[in-house]
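Reader: Hi! Could you walk me through this one while I have it open?
Author: Happy to, let's take a look together.

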Amino acid sequence: MVSSKQVFAGSAPRRQAHAVIVRWQDHSVMIGGSAPVCVQSMASTDTADPISTAIEIKDLAQAGSELVRITINTPEAATAVPVIREKLDCMGVNVPLIGDFHYNGHQLLRDYPDCAQALSKYRINPGNVGQGAKRSVQFDQIIEAAIFYNKPVRIGVNWGSLDQDLVAHMIDENSRRVAPWNVSSLMYEALIQSTISSAERAIELGLGHDRIVLSCKVSSVQDLIAVYQELSIRCSFALHLGLTEAGIGSRGIVASAVSLSVLLQKGIGDTIRVSLTPEPGALRTSEVIVAQEILQTMGLRSFMPMVIACPGCGRTTSAVFQKLASRIQNYLRTQMLVWKKQYPGVETMNIAVMGCIVNGPGESKHANIGISLPGTGENPAALVFIDGVKTTTLRGTRIVEQFQDIVNDYVRRTYSVTVAS
């Protein structure tokens, strides 16, 4: 038997991590501390093409990405970074940029100071900074560049590119144990040791705790949960969450939602990315929307008004309510580009679009604005509720437009800021 205490326990208190400020000019984003979990994404364009990259970053930022990472892998890419930053500034897009460095980051940060300065944060993988004796030297050079330019760093370990010297050492140690660890436990420990030891080395060099974000990315849901639970116990750094390759379509969405939600419910995680493989021809912005919806569905943040819609059944074979729900959802997402500046708090609004009389009136009363259609085989006559009170009945062929007008009027009346005289 499940007790009420188990059912209503709610989420765990948020793990307290060092606050990291990621800044571009006057705009800043806090990761950790008392800040809400923030959303980030990554551009997929060739960074050496500054126009295409700036356009994609603008799209990601407008979709709600609060940080955007870009690949910097060649001199041409490094040269393009300040151009990208300038184009974004001209468009009024102040989203901070994160430089993603592998293999040659120490050289690019040294040889292209304008690139190093235009970035707001660096991301490095300890397994990809160099081989053998060069690894420590080149890692140190990247951290020293971050200190010189006063930039935070994400130390992101990935199970696909672990430090092989560390792995070999740990396998050798494990073979001498009385009760050797299994393969999974050994992998978890290698990921965590690589992450924490790299952070400790960065601190030795002079990079503050408030300049370090950690991540241990894998592509298995259960492995991700296990690694981050242990990592969260063993350090107090801000943590970035995400499956390293979530997958395409529903598989990637479900895997990300399940793994991130479990960790967030435990109070673990300060910033997230949903690493979806885009459908052919699809926009990269879908990963931002999924990340926002994970946080909003869990009640951790609000990004846009929530549309509650019934799934439909044999009582709703008419497509009227489906079209209404879809059009309202798309309309709200478009309007939020303007509303979030003009109407603070509008992102917390709930709208119910229900198809028939079974649950329709009740659900509509619970929403800020609700509409309940009659179902199949009846003349369109939809009850509208505002803050729990029935206000009107919509009829005819323009129900969608009429309901949209009601939403607009409610937003203006409820969320307009009154300026004191």
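**Salt bridges, cores and rings**

Author: Glu-189 forms a salt bridge with Arg-234, and their closest N and O atoms are 2.9 Å apart. A salt bridge here is a side-chain nitrogen of Lys or Arg within 4 Å of a carboxyl oxygen of Asp or Glu. Before we go on: this is a predicted model, where local features need pLDDT of at least 70, side-chain atom pairs count only at pLDDT 80 or more, and totals for chains, interfaces and linings use all residues. Residues are numbered from 1 along each chain as its sequence is written, and side-chain values use heavy atoms, with hydrogens and water left out.

Reader: Thanks! Where do Glu-189 and Arg-234 sit in the chain?
Author: Glu-189 is in helix α8 and Arg-234 in helix α9 (residues 221–234), so the pair links distant parts of the chain, 45 residues apart. Helices (H or I, at least four residues) and strands (E, at least two) are DSSP runs, numbered from the N terminus.

Reader: And is Glu-189 buried or exposed?
Author: Glu-189 counts as buried, at 12% relative accessibility, while Arg-234 is partly exposed at 34%. Buried means under 20% relative accessible area, exposed over 50%, and partly exposed in between (1.4 Å probe, protein chains only).

Reader: How many salt bridges does a search of the whole structure find?
Author: There are 19. One of them joins Arg-14 and Asp-270, with the closest N and O atoms 3.0 Å apart. Arg-14 lies in the loop between α1 (4–7) and β1, and Asp-270 in the loop between α10 (249–265) and β11 (271–272), 256 residues apart. Asp-270 is buried at 1%, whereas Arg-14 is partly exposed at 27%.

Reader: Switching topic, which residues have the most contacts inside the largest nonpolar core?
Author: Ile-57, Ile-72, Leu-119, Tyr-122 and Tyr-228, in a core of 82 residues. Helix α8 (residues 183–205) gives the largest share, nine residues. A nonpolar core is a set of buried Ala, Val, Leu, Ile, Met, Phe, Trp, Tyr and Cys residues joined through side-chain atoms within 4.5 Å.

Reader: What does Tyr-228 touch?
Author: Its contacts (heavy atoms within 4.5 Å) include Cys-216, Leu-239, Leu-263 and Ile-268, not counting residues up to four places away in sequence. There is also a second, separate core of 34 residues, which includes Leu-324, Ala-325, Ala-352 and Ile-386.

Reader: How many aromatic pairs are there?
Author: Four. Rings of Phe, Tyr and Trp (its six-membered ring) pair if their centres lie within 6.5 Å; planes under 30 degrees apart count as stacked, over 60 as edge-to-face and the rest as tilted. Phe-148 and Tyr-149 have ring centres 4.9 Å apart and planes at 85°, so they are edge-to-face. Phe-148 is exposed at 66%, but Tyr-149 is buried at 16%.

Reader: Last one: where is Gln-25?
Author: Gln-25 is in the loop between β1 (20–24) and β2 (27–31). Gln-25 has a positive phi of about 50° although it is not a glycine, and it is exposed at 53%.
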